[in-house]
Amino acid sequence: MRVHHPIFDGIINRCRDLDPIAVAVVSPLSEVAIRGAIDAARAGLINPYLIGPQAKIAAVARKHGVEIAPYLIVDVDDDFEAAQRGVELCRMDTCQALMNGSLHPDHFLQPTIIGLRLKRRMSHAFVVEAPSYPRTLIITDAAVNVNPKLGEKADIVQNAIDLAHVLGIAVPKVAILSTVETVSSNIPSTIDAAALCKMADRGQIMGGVLDGPLAFDDATEPEAARIKQIDSPLAGQADVLVAHDAESGNMLVKQFQSLDGVEAAGVVLGAKVPIILTSRAANPKIRLASTAIAALLAQKDRQELSAVASGIGVLLQSKAWLSSNGSERQ
C-alpha cells in the first residue's frame, strides 16, 4: 500500500525560516486571488505589491472581508497596465517574484514572456500532490509552450530538473511521455523522446535521469511496468512527467485534479524571477503552495547571485594585491 506524504505542507514548512520575498501581484480582483496573496503574506512568505485599480482592489477586499491596509497598492488604470507594471517591478529588482491574480493566462503571459525572458526558454510546471502517488510529481509543460520543438523541449526538461533539485530531489527521474514505449517514425513524440534522452547522454541536459518514450502507466505504475516488461531505471517511479505539448499536458493535469484529494501548484520557470501561475479558480492552499515554491526558487537565485558576487570580490582583491605587489617590486 502506498503511503501519502503531504508534499505541500513540507514545501511550505521549508519557507518558515526564510525572509519574505517581495511579490508583484497582478490584478488581484477576485476573492481567491486577493485572499491567496494576503494568506501568503500572513504566513510570512511574501510582502505583496497589489497591482491594479486601487478602488477595485479595495472593493474586492471589503466585499470578502480581507484586510489589506498593511499592504502596498500600486494603482494603475487597467489589467494590461497592471501586468506591465508587475513586470517592470521585477525587472528593476524591486520584486523577487511575479504572481497572477485573476487575469486570463494569455493576457498575463504576453508581457511577462517579453519582459522577463532570459536565454533559456520559459516553461510552466505543475507540482502535484496526489494521495495515490508516494512522491513529489512535476508535470510540464501544460501552459506556456503550446507546441514546443526539440530544442525548446530540452529547455523545458532542464527547467523541470532544476525545480526538482530545489524541491529536494537530488537526481530526478524524468519520463518523456508518449503513447507507446518504442520509437516510431509515425509518432513524432517518440522521436523527440529518444532525442532528448540522447541529449542527456551527451551532457546537453544535466542533473537528472531521462527515459522515453514511455506511456503514462509505465512511468507511474510499477506493476504496469513489470507486466509490460519495461526495463527502465525510472519505471513506475517518475518524479517528472514531460508532455509532448501543452494540450496533452493540460489534459493530464486536469485529469489528475478530477481525482479526490489531488492538488496542483503552478509556477513558470526560466524567467528572470519565479512566476506564480495557477488556475484562476485555484483554492488558497494551492496558491499558498505555489507561492512557497516561488520563494524557494527565489532563495536559490539569491544564493547564486551571492556566490557570484563573492567570487568577483575575491577576484578583485586578488587583482589589487597582485597590482600592489607589482608596484612595490618596481
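What follows is a working chat about one predicted model.

User: Before we start, what kind of model is this, and which confidence limits apply?
Analyst: This is a predicted model, in which local features need pLDDT of at least 70 and side-chain atom pairs count only at pLDDT 80 or more, while totals for chains, interfaces and linings use all residues. Residues are numbered from 1 along each chain as its sequence is written, and side-chain values use heavy atoms, with hydrogens and water left out.

User: Is strand 8 mostly buried or exposed, then?
Analyst: Strand 8 is largely enclosed by the rest of the structure, because 5 of its 6 residues are buried. Buried here means under 20% relative accessible area, exposed means over 50%, and partly exposed lies in between, with a 1.4 Å probe and protein chains only.

User: How does strand 8 pair with strand 7?
Analyst: Strand 7 (residues 173-177) and strand 8 run in the parallel sense over 4 bridges, and Ala 175 has Asp 211 in strand 8 as its bridge partner. Strand 8 also contains Pro 213, which is joined to Gly 212 by a cis peptide bond with omega of about 5°.

User: Where is the other cis bond?
Analyst: A cis peptide bond also joins Thr 140 and Asp 141, with omega about -10°, and Asp 141 sits in the loop between strand 6 (137-140) and helix 6.

User: Switching to pockets. How much space is in the largest pocket, and which residues lie nearest its centre?
Analyst: The largest pocket holds about 660 Å³, and its lining has 23 residues, with Leu 118, Ala 271, Lys 272, Val 273 and Asp 301 nearest the centre. On a 1 Å grid over the protein atoms alone, a pocket is an open set of points where a 1.4 Å probe fits, with protein on both sides within 12 Å along at least five of seven lines, and lining residues have an atom within 4 Å of a point. Grid points are joined across faces, edges and corners, and the volume is the space filled by probe spheres set on the points.

User: Which element gives the most to that lining?
Analyst: Helix 11 gives the most, with 8 residues; helix 6 (150-166), strand 10 (263-269) and helix 11 (284-329) each supply at least two. The lining divides into 12 nonpolar, 3 polar and 8 charged residues, where Ala, Val, Leu, Ile, Met, Phe, Trp, Tyr, Cys and Pro count as nonpolar, Asp, Glu, Lys and Arg as charged, and the others, Gly among them, as polar.

User: And what about the second largest pocket?
Analyst: The second largest pocket holds about 200 Å³, and of its 14 lining residues the closest to the centre are Pro 105, Phe 126, Asn 250, Thr 278 and Ser 279. Its lining divides into 6 nonpolar, 5 polar and 3 charged residues.

User: Last one: which residues other than glycine have a positive phi?
Analyst: Asp 93 is one of them, with phi near 65°, and it is exposed, with a relative accessible area of 51%, in the loop between helix 4 (79-91) and strand 4. Gln 229 is another, with phi near 55°; this residue is exposed at 70% relative accessibility and lies in the loop between helix 9 (222-227) and strand 9 (240-242).

Note on methods. Two strands pair if DSSP finds at least two bridges between them.
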